[in-house]
Every structure is written in C-alpha cells, then in structure tokens.
Amino acid sequence: MACSHLHNQPINDECFVCGFDNPAGLEAQFVERDDAPGRVVGLFTPKPIHQSYPGRLHGGVAAAMCDETIGRAFITDHPDQWGVTMELKLRYRKPTPIGESLEVVGVITKVTRRTFEGTCELRRQDGTVCVTAEATYMILPVERIVGECSDEGSYVWEDDGRPVPAGE
Ligand SMILES: CCCCCCCCCCCC(=O)SCCNC(=O)CCNC(=O)[C@H](O)C(C)(C)COP(=O)(O)OP(=O)(O)OC[C@H]1O[C@@H](n2cnc3c(N)ncnc32)[C@H](O)[C@@H]1OP(=O)(O)O
C-alpha cells in the first residue's frame, strides 16, 4: 500500500480560522501531504455561534474558511512566503450545516512572480459540495506580513513555524 507523510501547518493562536485561543473561532486544522505540493485539506466543525439562518453556516464564515484554505495550499510549497488576499469569489451551492465535520480541499492553480491563484471546495461527509471558491493573493515574505500587523515589530519563529514576539 502506498504511504505518504502528513504534516500539520503552522497556526496563529488568535486567528479566527486556525487559532485555539479565539473563543469565537473555527479551530480548523490543516493537513498537507509530502506527495501533493500546492494542495491542502482543512477540517472543521461549525458551532452554533457560526450560523446565519437556523442550522445554516453563515456565508461570511464559510468565506473565511475558504480564503484561508487556498492561502495555505500555497505555503505547502513556499514555507517562507505567505499571501494576503486580493480577491475572493464564492458560489454557495448548497446549505452548509452546523455541527457536522466538514472538509475544504484547496489547490493552487497559478503562480506568478507577485501573485498566486487557487480554488477550493467545501464538502460535507457524504461528498456534497456546499461552497466553491476562487481567489487571488499577493505574495509577501512572512516577515513583512507579521511586521505590518504587529506593534511589536520583531518576531522569531518556533520550530513548528509559529511566529512569537522576540524576547518571550
Ligand atoms: C500562521 C500561519 C499562516 C499561514 C498562512 C495562512 C493563509 C492565510 C490566508 C488568509 C489571508 C488573508 O485573509 S489576508 C487579509 C485580507 N487581505 C488584506 O489585508 C490585503 C490588503 N491589501 C494590501 O495589503 C495591498 O493592497 C497589497 C499588499 C495586496 C498590495 O499593495 P502594494 O504591494 O503596496 O501594491 P500597490 O502598489 O498598492 O498595487 C500594485 C498593483 O496591484 C493592484 N492591487 C492592489 N491591491 C489590489 C487588490 N486587492 N485587488 C486587485 N488589485 C490590487 C494595484 O491596483 C496595482 O496595480 P497596477 O497599478 O500595477 O496595475
């Protein structure tokens, strides 16, 4: 049987999508495979606080999950460069339920010198595709993204890729 290595991706503890210190967050987990660069699988289970109409995932929350999944598909192959979203387009094809384990599969479709593009599908356990998305990102060095958003200005990197303020 063919076997490939799985890797969990780095997280920002307070991120709405991937963080575990954000009480309103999705606590999504992202997994990449050695033999599939440019592809990532995001796993999450929406909570009642993430709904719009009763029992239905809010479209903006689905958008956040799709945005992050495509962005993370890029870092599988470019660990020192992240992306900031320039454009994001979604199709809400079926209602997305609350309380069910869902997966989002993201794939990179185009890389240029300054940008990358990708697509994703948000799927239920029975394979139903609830949301599809496509997005374009500006490629930036990790240091610039963290530096622009932080008063601290200076970060160091843990072994797992997590940014922490220098001196902690
Ligand atoms: C912890 C583990 C994590 C692991 C990684 C996790 C992945 C996370 C994925 C989620 C990422 C996010 O949500 S990021 C958050 C949401 N996005 C953002 O905050 C991005 C905000 N926008 C920006 O910072 C800026 O617009 C940039 C960096 C994209 C571009 O700024 P710039 O580099 O100064 O470039 P600038 O001179 O302004 O523009 C250059 C050219 O691009 C065009 N341009 C500029 N912005 C845009 C735009 N949004 N859409 C279209 N075109 C644009 C300009 O018209 C111009 O065209 P011309 O005149 O040359 O023709």
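Strands β2 (residues 29-33) and β3 (residues 39-44) run antiparallel and are joined by three bridges. Within this pair, V31 has V41 of β3 as its bridge partner. Strands here are DSSP runs of E with at least two residues, helices are runs of H or I with at least four residues, and both are numbered from the N terminus. Two strands count as paired if DSSP finds at least two bridges between them.

Before going further, please keep in mind that this is a predicted model, in which local features need pLDDT of at least 70, side-chain atom pairs count only at pLDDT 80 or more, and totals for chains, interfaces and linings use all residues. Residue numbers start from 1 along each chain as its sequence is written.

**The sheet**

| Strand pair | Sense | Bridges |
|---|---|---|
| β2 and β3 | antiparallel | three bridges |
| β3 and β5 | antiparallel | six bridges |
| β5 and β6 | antiparallel | eight bridges |

V40 stands opposite G106 in β5, and V105 has E121 of β6 as its bridge partner. A hairpin of three residues connects β5 to β6.

Taken as a whole, the open sheet has seven strands in the order β1-β2-β3-β5-β6-β7-β4, with antiparallel pairing. Strands β1 (6-8) and β4 (81-92) stand at the edges with a single partner strand each, so one side of each has no neighbour in the sheet. From one strand to the next, the twist averages 25°. For such angles, axes are lines fitted to C-alpha atoms (for helices, over the stretch in contact), and values run from 0 to 180 degrees between N-to-C directions.

**The helix across it**

Helix α1 (residues 59-75) lies across β2, β3, β4, β5 (102-111), β6 (115-123) and β7 (129-141), and runs at about 130° to β6. Contact means that the C-beta atoms of two residues, placed from the backbone, lie within 7 Å.

**Around the ligand**

Which residues come nearest to the ligand? Of the 14 residues around the ligand, they are N12, G71, V84, M86 and M138; a residue is near if its C-beta atom, placed from the backbone, lies within 6 Å. Both α1 and β4 supply at least two residues of this shell. By class, the shell has seven nonpolar, three polar and four charged residues. Nonpolar covers Ala, Val, Leu, Ile, Met, Phe, Trp, Tyr, Cys and Pro, charged covers Asp, Glu, Lys and Arg, and polar covers the others, Gly among them.

**The annotated domain**

UniProt lists residues 55-130 as "domain: Thioesterase" in an unreviewed entry. Its positions follow the numbering used here, feature names are shortened, and annotations may be inferred rather than shown by experiment. Over residues 55-130 the chain is 22% helix and 43% strand, with the end C-alpha atoms 14 Å apart.
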